[in-house]
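Notebook open, model loaded. I want to jot down what I look up as I go.

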Amino acid sequence: MSSEPTAVPDTPATELAPPGPAEEVYRRLVAKVLEVRPNEDLKAIEKAYHYAAEHHANQFRESGEPYVCHPLNVAIILAEMNMDLVCIQTGILHDVLEDTGATYDDLRQNFGDDVARTVDGVTKLSKLKFYDREERQAESVRKMLLAMVDDVRVVIVKLADRLHNMRTLGVLSRERQMRVSQETLDIYAPIAHRLGMGKIRGELEDLAFSYLEPEAYAEITAALESKRRATADFLKQIRDKVEVVLRREGIPATIEGRVKRAYSIHQKMKRQKIGIDQVYDVLAVRIITDSIRNCYAALGVIHNEWRPIPGRIKDFIAIPRPNLYQSLHTSVMGPGGQPFEVQIRTEEMHRIAEQGIAAHWKYKEGRKDDGHEDQRVAWLRQLLEWIQETRDPGEFMSTLKVDLYREEVYTFTPRGKVIVLPRDATPIDFAYAIHTAVGHSCVGAKVNGRIVPLKYTLRNGDVVEILTQPGHMPSKDWLALVKTSRARNKIKAVINASERAKAIEIGQKYLEKEARRLGVSLARVNRADIERVAAEYGFAKIEDLHAALGYGKFSPRKILHKLSPDAAAAEPEPSPKPQAPATTTATPPAAVPGDLVIRVTGMDDLLVYRAKCCNPIRGEAIVGYVTRGKGVAVHSTTCPNVQNLMYEVERKIDVEWARSSNEPFPVKYVIRTNDRPGMLSELTAVLFHENSNIRSLEAKSTEREGAVIEMTVEVRDKKQLERIVSAMRRIPGIRDIERH
């Protein structure tokens, strides 16, 4: 059910719900529609309401209110976005196909093809379970992106549905709140961002943040509340001053003041490792004027009145963001040394900034657009290029998050073409953005006329010239440098082809060598028998079996045993390593034998060890990566090395925690705090309460960052670690906690 996070299953009630609450919500819907769309067909909306009320009559939400209140509230959100009649009716009816006995044909007869088709599209999206296993989650998101290309209205209704669910999330269990909030932050808020729907994105983020990190949310909101009166006075003073100076220059404008959102403040604090007092753009003034010319004129007036902060001027009018957001941004030093941000835009730019694709799109008022609106989903079509290429679900999901929710850097070719890349992108990303062939043959780069290394981080305004060499091919090391999915996939395609060719050759030689040792003549083995054995291992071709042998996924003797059981059984299988099979520890295996077992699915003769880069602990999602000659390295699925460097699909192998163990895991954390007496005592008290031992601890003070504490503690599993970190975050003065 699309509203599953806040709706109960369709169980019959003993009596119909009283009409009061639903009628009240419906009256609010009618009032909102009359306010924003006075010429709308209210009879069509009333018809949809009665249809939904009849079909949802015996259903209630977990809050106890009639279920039909939910779709009516979704319709109100759509009306606030000034969506068309089809969208509003879809909002009212969006659950009837899935949750009631209504049929597609019945909807089409009552409300027309457009409404039926859109409700059907929302229903299909409602069946997507983003919190399921990785493979199903990836496939669900693929379907959602494809649905967006077909009809963006489907996803706009889905975003409104999710927003109302988040507003009413409080009645659910803590586990469901966390799951739905994480899904919202991972999938829905980024999609709203990419569609330019800043208002919905902001509320989704703050609501999800309040459930996922309640302590951090409470700390930020308390800090903002404590300064509310002073903030209001300051913003009023600035607004009054801006009105005076703009009126003096004859620039018509509406002036608004705003405080930065809690989630945005939190992200900036984490990214820059600072306290809330060091976030300088908490306060902002927005100037909405009548023309682009007056936008720039207002910018000059502001800079003449207050000193601009260097490096903080951004012109998104001349170079719009990919979601078509346009505005001038500048930060200035205000009265009393208080910095604040100024955003300057036209009324149309403001509407697009708030509502994005919902503000003006090709279906609105039933008219087809001239094609410009297609730019709003141009990023989606780019995603679809690699959606067809990327088959590994883990890579798909990690790369999707980068592409959906990236902060852009605006760079230029020597001829002045704008190339938009994610933050921290490198010249390699730039080269692949130009053309695949340019990326493959890239050997160097000039930025602003100066030769830079390929790991150079591109900045706004950089003019980039790529140096190429015919015949050059990408290096595996590039995977650790690139930030775009396009570059990563193109590089991996080349490397995987090369690695696979090597693996096939090595695997074939392994098999032939072992066959000679056991006296098995492969020349006499029927090819059909080899293909049968390959099929038993899940491979369509003999070359795939050879590649798996070359990667070390299987032993050649196992294959020969299936091809010639008598010869292969004559000699015992040698152990690949003296250590116990599939045993791994945080220390060398011989030191604490059998303290932890990670099992490789379907195999019992591969050495397994936990990777040092991420040091996974019991309870975390893990993935195995076959390393030739070393066994299976086990990483956390969130490890950057897995996502960015070593994620070759053919080397991936399923692993799982095999049994419980009391042996603790060492975990290192870097904690940034305010430098105050008693901080160490409070941190160690948390560890004492959790019966967790400290292996090492180092603390130092810095002028900018306060205190930095590096601590290695012992934990039993992921749950204990989460309890420790959560308790530490509640300590006053804790700025950030990072696992290393």
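Is Q89 buried or exposed? I checked, keeping in mind that this is a predicted model. Q89 is buried, with a relative accessible area of 5%, and buried here means under 20%.

Next I looked at where Q89 sits. Q89 is found in helix 4, which spans residues 85-93. That helix is mostly covered, with nine of its nine residues buried. I wrote them down: L85, V86, C87, I88, Q89, T90, G91, I92 and L93. I then asked for the contacts of Q89, leaving aside neighbours within four places in sequence, and got A44, A48, F111 and V115.

Cores next. The largest nonpolar core has 66 residues, and M81, I287 and F340 touch the most other members. Helix 9 (residues 152-167) gives this core its largest share, nine residues. I picked F340 and listed what it touches, not counting residues up to four places away in sequence. The list runs F234, I238, Y280, L283, V285, W306, T330, S331, V332 and G334. Another core, of 34 residues, lies apart from the largest one, and F665, V686, L687 and V713 are among its members.

V686 and L687 took me to helix 27 (residues 679-689), where both are buried, along with M679 and L683. Seen down the helix axis, the buried residues fall within an arc of 95°, so they line one face of helix 27. On the other side of helix 27, I found F688 and H689 exposed.

What do the buried residues of helix 27 pack against? I noted strand 18 (665-673), strand 19 (694-702), strand 20 (706-715), helix 28 (718-729) and strand 21 (734-739).

Last entry: a helix pair. How do the axes of helix 21 (residues 485-518) and helix 23 (residues 542-551) cross? They come within 6 Å and cross at roughly 85°. I count the two helices as roughly perpendicular to each other, because the angle falls in the range 65 to 115.

From helix 21, the contact uses E499, R500, A503, I504, I506, G507, Q508, Y510 and L511. From helix 23, I have E543, D544, H546, A547, L549, G550 and Y551. Sorted by class, the contact has eight nonpolar, four polar and four charged residues.

Note on methods: Residues numbered from 1 in each chain as written. Predicted model: local features only at pLDDT ≥ 70, side-chain atom pairs only at ≥ 80, totals over all residues. Heavy atoms only, no water. Buried < 20%, exposed > 50% of the residue type's maximum accessible area, 1.4 Å probe, protein only. Helix = DSSP H or I, 4+ residues; strand = E, 2+ residues; numbered from the N terminus. Arc of directions from axis to C-beta. Contact = heavy atoms within 4.5 Å. Axes fitted to C-alpha atoms, helices over the stretch in contact; angles between N-to-C directions. Parallel < 35°, antiparallel > 145°, perpendicular 65-115°, else oblique. Nonpolar A, V, L, I, M, F, W, Y, C, P; charged D, E, K, R; others polar. Core = buried A, V, L, I, M, F, W, Y, C linked by side-chain atoms within 4.5 Å.
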